[in-house]
Amino acid sequence: MNVHTPEIDRKPSQEEAAEALELLRRWASKAQDAEIEALDPLVARLAPDSAPDSYPALSRAYPDNFSVDSDYKAGLPDLQNGPSSLIRGANRAIQHVGISNFRLPIQYHTRDNGDLHLETSVTGTVSLEADKKGINMSRIMRSFYAHADKTFSFEVIEAALDDYKSDLESFDARINMRFSFPMKVESLRSGLSGYQYYDIALELVEQDGVRRKVMHLDYVYSSTCPCSLELSEHARRTRGQLATPHSQRSVARISVEVKEGECLWFEDVVDMCRRAVPTETQVMVKREDEQAFAELNAANPIFVEDAARLFAEQLQADARVGDYRVVASHQESLHSHDAVSVLTEGDLFAAESLDPKLFSTLFHVG
């Protein structure tokens, strides 16, 4: 049986607490670190050689009822938008600074299927003068969200760019919107249909007061090597030897400047690609479709140089297209490397140097 006495509940006196504190100090001055840790790490502060702890005791509870008024907000520190004296590194202008890959659902007009809501990855950047420390990154996002409920076109993108360019007092600016665009395609012979998805990006660039509208589209196709096809036929004809030419999944990134006042649909660029290189990879396939695809490839053997020129031929023939670039990659089944080509028209895409990883970004995952 436990005996409870009133002495247990009595508050110790000031003198008793002082005596206990002195006892702890004497013990801490002679105790080992492990002993102190075992008793209570806070006792280490009582040791004679302990550094004084001047850090205030802060609340660890989240203040649910705290509200921010205008005076409090005005007093918040803002180093990113601080004076030029805070700049670190070279006192140089920065061509592009902003945010990349913030995502939201956007509604787009289509040529054939009304409006579509598509998840979109947005990159927004502005130029930064040499004497400015930085920008308020969230303003780019807030400006874009102000237009996010509209059905997007280049005109709406321009309005969003106007807003954040004005908010951030910048001269140059850029918006890039990436998404996967679905189109229903028919099989070659079986009558089946399925959705093909195209990686598309819309880009609006303003530099030195000039705005340019760009559409990028990745087109995935099969490329049968003309040389390998001829060698296979030679083996059949001269030696009765069965042989198959090598073919592979290939990707072309088509980048086009849309001329001012023109309307160029996503589907229009896909149609150009199909006319240039009709061996687009298939969605729904039965045996008759597989045979048809083999025949289609045999009718359209193609080197990577041919691909670049055939795509360019279609782009040049469309009056809505200004400058353009074709980047093609044939991911060889014969070699351990890829065959690649780049063809550009105009100053917008001309470049002496290429991103070292440009071609690796053309690798298509089904």
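Salt bridges, cores and a cavity

By the rule applied to this predicted model, the count comes to 22 salt bridges.

Me: What makes K165 and E206 a salt bridge?
Reply: Their side chains meet at 3.2 Å, N to O. The rule asks for a Lys or Arg nitrogen within 4 Å of a carboxyl oxygen of Asp or Glu, so a Lys–Glu pair of this kind qualifies. The pair links distant parts of the chain, with K165 in helix α5 (residues 154–167) and E206 in strand β5 (residues 193–207), 41 residues apart.

Me: Why is K165 called buried?
Reply: K165 has a relative accessibility of 18%. Buried means under 20%, so K165 counts as buried.

Me: How do you know whether E206 is buried or exposed?
Reply: The relative accessible area of E206 is 7%. That value falls under 20%, so E206 is buried.

Me: Why is the contact of E257 with R212 called a salt bridge?
Reply: The side chains meet at 3.0 Å, N to O, and the cut-off is 4 Å, so the pair is counted. E257 sits in strand β7 (residues 247–258) and R212 in strand β6 (residues 210–224), 45 residues apart. E257 is buried at 13%.

Me: What makes K213 and E260 a link between separate parts of the chain?
Reply: Their side chains form a salt bridge of 3.6 Å, N to O. K213 lies in strand β6 and E260 in the loop between β7 and α7 (266–276), so the bridge ties together parts that are 47 residues apart in sequence.

Me: What joins E155, E158, D162, K165, E206, R211, K213 and E260 into one network?
Reply: Salt bridges that share partners join these residues.

Me: Which residues have the most contacts inside the largest nonpolar core?
Reply: They are Y108, F144, M177, I254 and F311, in a core of 60 residues. Strand β4 (residues 173–186) gives the most to this core, seven residues. A second, separate core has five residues, including V220, V251, L358 and L362.

Me: What lines the largest cavity?
Reply: The lining is V126, S127, L128, E129, K132, I135, L168, E169, S170 and F171. By class, five are nonpolar, two polar and three charged. The volume of this cavity is about 40 Å³, and the structure holds one cavity of 30 Å³ or more.

Terms used
Residues are numbered from 1 along each chain as its sequence is written. This is a predicted model: local features need pLDDT of at least 70, side-chain atom pairs count only at pLDDT 80 or more; totals for chains, interfaces and linings use all residues. Side-chain values use heavy atoms; hydrogens and water are left out. On a 1 Å grid over the protein atoms alone, a cavity is a set of points where a 1.4 Å probe fits but cannot get out, and a pocket is an open set with protein on both sides within 12 Å along at least five of seven lines; lining residues have an atom within 4 Å of a point. Grid points are joined across faces, edges and corners, and a volume is the space filled by probe spheres set on the points. Ala, Val, Leu, Ile, Met, Phe, Trp, Tyr, Cys and Pro count as nonpolar, Asp, Glu, Lys and Arg as charged, and the others, Gly among them, as polar. A nonpolar core is a set of buried Ala, Val, Leu, Ile, Met, Phe, Trp, Tyr and Cys residues joined through side-chain atoms within 4.5 Å. Buried means under 20% relative accessible area, exposed over 50%, partly exposed in between (1.4 Å probe, protein chains only). Helices (H or I, at least four residues) and strands (E, at least two) are DSSP runs, numbered from the N terminus.
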